[in-house]
Amino acid sequence: MVTNRKKKSAFRLVAEWLHLWLGLISGLIVFIVCFTGGLWVWRYEIGYFTEKYQRVEVRDRPYLQPSALIAKTQAYLGGKKDTGATLSNLINNGRGRSVMVGYTFGKKGIANIYVDPYDGHIILDKRKPSSFEFFILFVRAGHRFLWLPQKIGSPIVGSACLIFLVIIITGLIWWYPRSWSQKNRNRSFKIKWNANWKRLNIDLHNVVGFYASIFILFLTVTGIYFTFDWFKHGMYRTLTWKTPVELKEDEPSSDTTLINKPVVAVALDHIWRQTAKRHPDFGRIVLTAPHEAKEPYEAMVFFGDGTIIYNRATYFYDQSTLKPLHYIDEEDRPYGELSAGEKLYRMNFDIHTGQILGLPTKILAFVACMIGASLPVTGTLIWYNRRWGKKKKKAASPLA
């Protein structure tokens with residue numbers, strides 16, 4: 001019998017074999033990582049709408065100074081020592097958000113007090129994690145470590161993501177039409193919604209997977225960054241053509257020889273005014289007072305909606321003189337001083353979480369994650385139906 005079907009090349013056969021068996025082996029891990037990643041995209045929105053203490057009524061008046069917020073919370077706590085305060089979520093542009101004033105007492109004592117920034121009213125004394133925080137920690141633990149210890153789970157997730165890269169690439173090879181006839185084009189680019197469920201499942205796997213592949217690739221590559229140093233360094237070299245600088249993960253030290261120091265609340269007022277004046281377009285500011293003699297004051301400025309981190313600005317001040325200190329950690333290097341490649345490299349987290357351009361990219365990231373989670377399911381069904389579905393049908397048919 002003569003056939004016009006083209007014989008598959010060895011390259012294509014190997015690609016299809018890799019796609020099938022690597023997909024079956026890593027499918028469950030890929031499903032968990034993609035599904036939890038999709039939930040993680042909306043962590044800020046879920047928290048804002050489910051936790052009432054994060055919201056306050058917007059009023060046509062300025063926020064209280066940090067010193068006033070500290071005085072209110074200290075009075076509530078019974079006059080705790082004026083050290084180690086952190087003021088988070090100082091929000092600009094009239095968004096109705098509460099301010100968290102956090103204190104650390106000794107090694108284990110922590111108090112996070114949420115206050116109304118307009119009048120200092122205590123909204124919530126938050127000493128224990130909320131159900132939302134448990135949910136977020138649970139989702140993140142699944143996404144990053146499969147709920148295993150970090151040293152075990154992280155390499156497993158990273159390896160599965162590397163395998164997923166191969167699966168995506170080999171899947172595109174398998175998807176690529178061997179001829180560009182009208183029939184093949186329709187199969188490759190269109191979903192036949194009125195087909196039986198088996199054909200519909202194939203279309204959802206092939207067609208939807210093709211359209212989402214570029215976004216899934218971005219999310220996967222930027223995710224592997226968090227597991228393997230060799231991958232992170234390779235990404236840095238590729239984008240910047242430079243040798244990676246070892247991150248010191250440290251901050252400058254205050255002069256411990258000086259005795260007279262400004263009161264923490266007064267110092268934070270000064271830093272707050274200076275920071276807000278320097279960046280009137282800020283989205284969120286976090287002020288941190290020193291816990292120990294050598295630590296500096298720190299002001300972190302976030303822009304946009306306050307969740308973007310790649311272009312944040314960080315400032316350090318000596319706790320005795322309030323003199324600006326030079327950063328040590330390269331992560332604190334001013335964004336404007338970076339090269340184009342270094343800027344793209346620093347965007348990695350915001351690209352991975354979909355928050356790089358706000359709501360549009362969050363939606364894209366969420367949809368890509370959900371499609372990524374569906375691919376192991378639809379792919380396994382295709383394999384099962386082709387391996388056993390036809391046999392069952394044949395066995396049920398009458399003998400000739």
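A nonpolar core, as the word is used here, is a set of buried Ala, Val, Leu, Ile, Met, Phe, Trp, Tyr and Cys residues joined through side-chain atoms within 4.5 Å. Please bear in mind that you are looking at a predicted model. With that definition in hand, look for the largest nonpolar core, which has 34 residues. Leu87, Leu90, Leu268, Leu287 and Tyr297 are the residues with the most contacts inside this core.

Which elements build it? At least two residues each come from helices α3 and α9 and from strands β1 (86–91), β2 (99–105), β3 (109–115), β5 (284–288), β6 (297–302) and β7 (313–317). Helix α9 gives the most, with six residues. Not counting residues up to four places away in sequence, Leu287 touches Pro66, Ala85, Thr86, Leu87, Leu90, Leu268, Ile271, Trp272, Glu298 and Ala299. Apart from this core lies another, of 16 residues, including Val30, Val41, Cys369 and Ile371.

Two packed helices are described by the angle between their axes and the distance between the axes. Here the axes of α3 (residues 66–77) and α9 (residues 264–278) come within 7 Å and cross at roughly 145°. On the α3 side the contact is made by Pro66, Ser67 and Ile70, and on the α9 side by Ala265, Leu268, Asp269 and Trp272.

Is Thr275 buried or exposed? At 1% relative accessibility Thr275 is buried, because the cut-off for that label is under 20%. Leaving aside neighbours within four places in sequence, Thr275 is in contact with Ile285, Ala299, Val301 and Tyr317.

Another threonine is worth a visit, this time in helix α1 (residues 10–40), where Thr36 has its place. Thr36 also counts as buried, with 6% relative accessibility. Its contacts, leaving aside neighbours within four places in sequence, are Val139, Gly142, His143 and Trp147. The C-alpha atoms of Thr36 and Leu146 are separated by 9.8 Å, although these residues are 110 apart along the chain.

What about the cysteines? The count of disulfides comes to zero. Cys34 is in no disulfide, and the nearest cysteine sulfur, that of Cys369, is 5.9 Å away; a disulfide would need the two sulfur atoms within 2.5 Å. Cys34 is buried, with a relative accessible area of 12%. Cys161 is in no disulfide either, with the sulfur of Cys34 the nearest at 7.5 Å. Cys161 is likewise buried, at 13% relative accessible area.

Finally, step back to the whole chain. It has 12 helices and eight strands, and 44% of its 400 residues count as buried. Among contacts between residues at least 6 apart in sequence, 64% join residues at least 24 apart. The average pLDDT is 87, and 89% of the residues score at least 70. Over residues 395–400, however, the pLDDT is below 50, and this stretch has zero contacts in the model beyond near neighbours in sequence. Where pLDDT is low, the predicted coordinates should not be read in detail.

Conventions. Residues numbered from 1 in each chain as written. Predicted model: local features only at pLDDT ≥ 70, side-chain atom pairs only at ≥ 80, totals over all residues. Heavy atoms only, no water. pLDDT = per-residue confidence, 0-100. Contact = heavy atoms within 4.5 Å. Buried < 20%, exposed > 50% of the residue type's maximum accessible area, 1.4 Å probe, protein only. Axes fitted to C-alpha atoms, helices over the stretch in contact; angles between N-to-C directions. Helix = DSSP H or I, 4+ residues; strand = E, 2+ residues; numbered from the N terminus.
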